[in-house]
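Welcome, and please open your viewer before reading on. We will go from one selection to the next and look at what is there.

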Amino acid sequence: MNKLNPKKLLHSKWTATPAINKEKHFIIVEVEFDEDGNVIECITEAVMSKNQYPISWRDLKDDQKWLQGWK
């Protein structure tokens, strides 16, 4: 399980396992918080194609789907 701090998500680097649409390396480009400081939405951007995908930030905790950093 990956340890996460929601306040440090923005601009963090991730590797998708398995690849998403043949894209493997992603960076978090947008994190939206509510009034209480809870994460509402998280947008990832593929490094090579610049395609953006909304994800649940809690999915990043699952090391079967995401690895922290670019591997």
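Start by selecting phenylalanine 26: at 0% relative accessibility, this residue counts as buried (buried means under 20% relative accessible area, exposed over 50%, and partly exposed in between, with a 1.4 Å probe and protein chains only). Before you move on, note that this is a predicted model, where local features need pLDDT of at least 70 and side-chain atom pairs count only at pLDDT 80 or more, while totals for chains, interfaces and linings use all residues. Residues are numbered from 1 along each chain as its sequence is written, and side-chain values use heavy atoms, with hydrogens and water left out.

**Stop 1: the aromatic rings**

Phenylalanine 26 is in strand E2 and tryptophan 66 in strand E5, 40 residues apart. Strands (E, at least two residues) and helices (H or I, at least four) are DSSP runs, numbered from the N terminus.

How many aromatic pairs does a search of the whole structure find? It finds two. To see the other, select tyrosine 53, whose ring is edge-to-face with that of phenylalanine 26, at 6.0 Å centre to centre and 65° between the planes. Tyrosine 53 lies in strand E4 and phenylalanine 26 in strand E2, so this pair ties together parts that are 27 residues apart in sequence. Phe26, Tyr53 and Trp66 make up one aromatic cluster.

**Stop 2: the sheet**

Now switch to a cartoon view. Five strands form an open sheet in the order E4-E3-E2-E1-E5, with antiparallel pairing; two strands pair if DSSP finds at least two bridges between them. E4 and E5 (66–68) stand at the edges with a single partner strand each, so one side of each has no neighbour in the sheet.

Select residues 39–46 next. This is strand E3, and six of its eight residues are buried, so the strand is largely enclosed by the rest of the structure. E3 pairs with E2 (residues 23–33) over seven antiparallel bridges, and glutamate 32 stands opposite glutamate 41 in E3. Five residues separate E2 and E3 in their hairpin, and glycine 37 in the turn has a positive phi of about 90°.

E3 also pairs with E4 (residues 52–55), in the antiparallel sense over four bridges. Here threonine 44 has tyrosine 53 as its bridge partner, and cysteine 42 stands opposite isoleucine 55.

**Stop 3: the core**

Which residues have the most contacts inside the largest nonpolar core? They are Leu9, Cys42, Leu60 and Trp66, in a core of 15 residues. A nonpolar core is a set of buried Ala, Val, Leu, Ile, Met, Phe, Trp, Tyr and Cys residues joined through side-chain atoms within 4.5 Å. E1, E2, E3 and E4 each supply at least two residues of this core.

**Stop 4: threonine 15**

Finish in strand E1 (residues 13–20) by selecting threonine 15. Is this residue buried or exposed? At 1% relative accessibility, threonine 15 counts as buried. A polar atom of its side chain lies 2.7 Å from the backbone oxygen of glycine 69.

Note on methods: A polar contact is a pair of N or O atoms within 3.5 Å; within protein, one must be able to donate a hydrogen and the other to accept it, and residues adjacent in sequence count only if both atoms are side-chain atoms. Rings of Phe, Tyr and Trp (its six-membered ring) pair if their centres lie within 6.5 Å; planes under 30 degrees apart count as stacked, over 60 as edge-to-face and the rest as tilted.
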